[in-house]
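Dear colleague,

Please find below the structure that I am handing over to you. My findings follow directly after it.

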Amino acid sequence: MTDFTQTRPLFDLPEGVIYLDGNSLGPLPKSAAARVARTIQDEWGQMLITAWNRAGWMDLPSRLGDRIARLVGAEAGSVVLGDTLSIKVYQALASAIEMNLGRKVILSDSGNFPSDLYMAQGLCKTLGDGYTLKVVAPEEVLGAIDESVAVTMITEVDYRTGRRHDMKAITDRAHAAGALAVWDLAHSAGAFPVELAACGADFACGCTYKYLNSGPGGPAFIYVAPRHQNRARPALSGWLGHEAPFAFDPDYRPGRGVERMRVGTPPILQMAALDAAMEIWDRVDMNALRATSLALTDRFIAGVEAACPDLTLATPRDHTSRGSQASFRHPEGYAIMQALIAEGVVGDFRAPDILRFGFTPLYTSVQDVDGAVAILARIMAELRWDRPEFKARQKVT
Ligand SMILES: *Cc1c(COP(=O)(O)O)cnc(C)c1O
C-alpha cells in the first residue's frame with residue numbers, strides 16, 4: 001500500500017492537532033480500542049485461563065515477532081516480543097559478550113540513548129573482571145573498532161539529531177575485527193526499511209510504542225541472527241525462555257531459537273493493541289514509506305530554514321545519513337516547544353537544546369508540514385515562546 005491518504009483515517013488523531021511526535025509515542029490506531037476490548041471481554045472475560053491456548057496468547061510474542069521481522073529485514077523465526085527495550089538491550093549485550101570471551105570492551109557512541117549506556121554500564125559492573133563501556137563520538141565509531149572490542153552497541157538513529165549510522169559498514173568492520181554487532185532500532189523500526197539479515201547484524205532490538213504505534217508501555221522486540229540462536233545463552237533465564245516451561249524442571253535449559261529470549265508472562269493487552277497496529281503495517285510498502293518520509297522531512301527543513309533563521313538544523317541533510325525526524329537547536333528550545341504544543345503542534349524537546357519533530361507518513365500529510373512551519377514561524381517571529389509558563393519544566397519533556 002503506497003497511498004498514505006488511506007492510512008491516515010485509520011488513526012484516532014485529535015481535531016486541530018498536528019502530531020509530529022509519533023517517533024516518541026505513536027498515536028492510537030482506531031482498531032486498537034475494539035481489539036483490546038475484545039481481548040478483555042471475549043478472551044480474558046469469557047475464556048479465563050484457557051485463553052492462553054484457545055486465544056493463542058502464548059504464541060503472540062512470536063507471531064508478532066514474525067510480522068515485525070518483515071519491517072526490519074529479519075528472517076522468519078528470528079524476532080520475539082517482550083519486556084521493555086532497556087531489558088532487551090541488556091539481553092542482547094549479555095549474550096553477545098559471552099560469545100566473544102577474552103575481549104572486554106563494549107563500544108558505543110555519545111549519541112546513544114542514555115538507557116542503553118546505563119544498561120551496558122550495569123552489565124560491566126555485574127561482570128567485573130575489567131569489562132568496560134567505551135563511548136566515542138558518533139563519527140568516530142568506525143575508527144574505534146579494534147581487536148579489543150567484544151561488541152559494538154549502536155543505536156542506528158540518534159534520538160536527538162536523527163543522524164543515521166551506516167549499519168552495513170559498522171557491522172562489516174566489527175566482524176572484520178572479530179567483534180559482534182548489536183543494533184538498537186528504536187528510531188528505525190517503522191521509520192524506514194531496515195536490512196538486518198542483509199547487513200549481517202548479530203543481535204538487534206527495538207521498541208513498538210514509537211513508530212509502530214503499540215501504545216504507551218508496548219513491549220519491545222529482540223532479534224537474534226539464526227546462526228547464533230542455538231548458541232546465545234540468555235542472561236535473563238526466565239521460565240518462558242525454557243525449553244519446556246510446563247515441565248517445571250528446576251534446572252534451566254534454553255528454549256529453541258529466538259524463543260529463549262522470552263523471559264516471563266507476556267503483556268497480552270498491550271500485545272492486542274500491537275496486533276491491531278500491525279494490521280496496518282502488514283500492508284505498508286516500506287520503500288514507499290521512506291520516499292514519503294524524506295519528502296516530508298525535506299519540506300519541513302526547507303520551510304523552517306526559510307522562515308526561522310534563529311533555529312539551527314541538527315539533522316544531516318544527506319538522505320542516507322538520517323532517520324525520519326528533523327531536529328533544530330535553540331537555547332530556548334524547551335519554551336519554544338511548549339509554545340508550539342499550546343498552539344497544537346506536538347513535537348518534543350531533548351536536553352540541552354533540541355527541538356525534535358518526527359515524520360510518520362502513515363498519518364502525517366504535506367498540509368501538516370506546512371501548518372507546522374507556519375505556526376513555528378509565527379512563534380519565532382513574535383517571540384510567543386517568551387512567557388514564564390512555557391519555561392517551567394514538566395516531569396516529561
Ligand atoms: C526510546 C528508547 C529507549 C527506551 O527504553 P524503554 O526500556 O522502552 O523505556 C531505549 N533506547 C533507545 C535508543 C530509545 O530510543
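Gln325 counts as buried, because its relative accessibility is 0%, and the cut-off for that class is under 20%. Please note that the model is a predicted one. Gln325 belongs to strand β12, which covers residues 325-329. Two contacts of its side chain may be of use to you. One is with the backbone oxygen of Tyr159, which the side chain of Gln325 reaches at 3.2 Å. The other is a polar contact of 3.2 Å between the side chains of Gln325 and Ser327.

The ligand site comes next. Which residues are found around the ligand? They are Thr84, Leu85, Ser86, Phe113, Asp116, Thr155, Asp184, Ala186, His187, Tyr209 and Lys210. Sorted by class, this shell holds 4 nonpolar, 4 polar and 3 charged residues.

- Thr84: a polar side-chain atom lies 2.9 Å from an oxygen atom of the ligand.
- Ser86: a polar side-chain atom lies 2.6 Å from an oxygen atom of the ligand.
- Asp116: a polar side-chain atom lies 2.6 Å from a nitrogen atom of the ligand.

The ligand taken alone exposes 390 Å², and the protein buries 85% of that area.

I also examined helix α11, which spans residues 333-342. Is this helix mostly covered or mostly uncovered? Helix α11 is mostly covered, with 8 of its 10 residues buried. The buried residues are Gly333, Tyr334, Ala335, Ile336, Met337, Gln338, Ala339 and Leu340. Their packing partners include three strands, namely β13 (345-346), β14 (348-350) and β15 (354-358). The buried residues of α11 also pack against helices α12 (366-381) and α13 (388-391). After α11 comes Gly344, which has a positive phi, near 95°.

Finally, the overall division of the protein is as follows. Domain 1 is made up of residues 8-28 and 285-391, while domain 2 comprises residues 56-281. Taken over C-alpha atoms, the centres of domain 1 and domain 2 are separated by 29 Å. To the contact between them, domain 1 contributes 32 residues and domain 2 contributes 22 residues.

Kind regards

How values were computed. Residues numbered from 1 in each chain as written. Predicted model: local features only at pLDDT ≥ 70, side-chain atom pairs only at ≥ 80, totals over all residues. Heavy atoms only, no water. Near = heavy atom within 4 Å. Polar contact = N/O pair within 3.5 Å; in protein donor to acceptor, adjacent residues only side chain to side chain. Areas by Shrake-Rupley, 256 points an atom, 1.4 Å probe, with all protein chains shown as cover. Nonpolar A, V, L, I, M, F, W, Y, C, P; charged D, E, K, R; others polar. Helix = DSSP H or I, 4+ residues; strand = E, 2+ residues; numbered from the N terminus. Buried < 20%, exposed > 50% of the residue type's maximum accessible area, 1.4 Å probe, protein only. Contact = heavy atoms within 4.5 Å. Domains from an automatic or database assignment.
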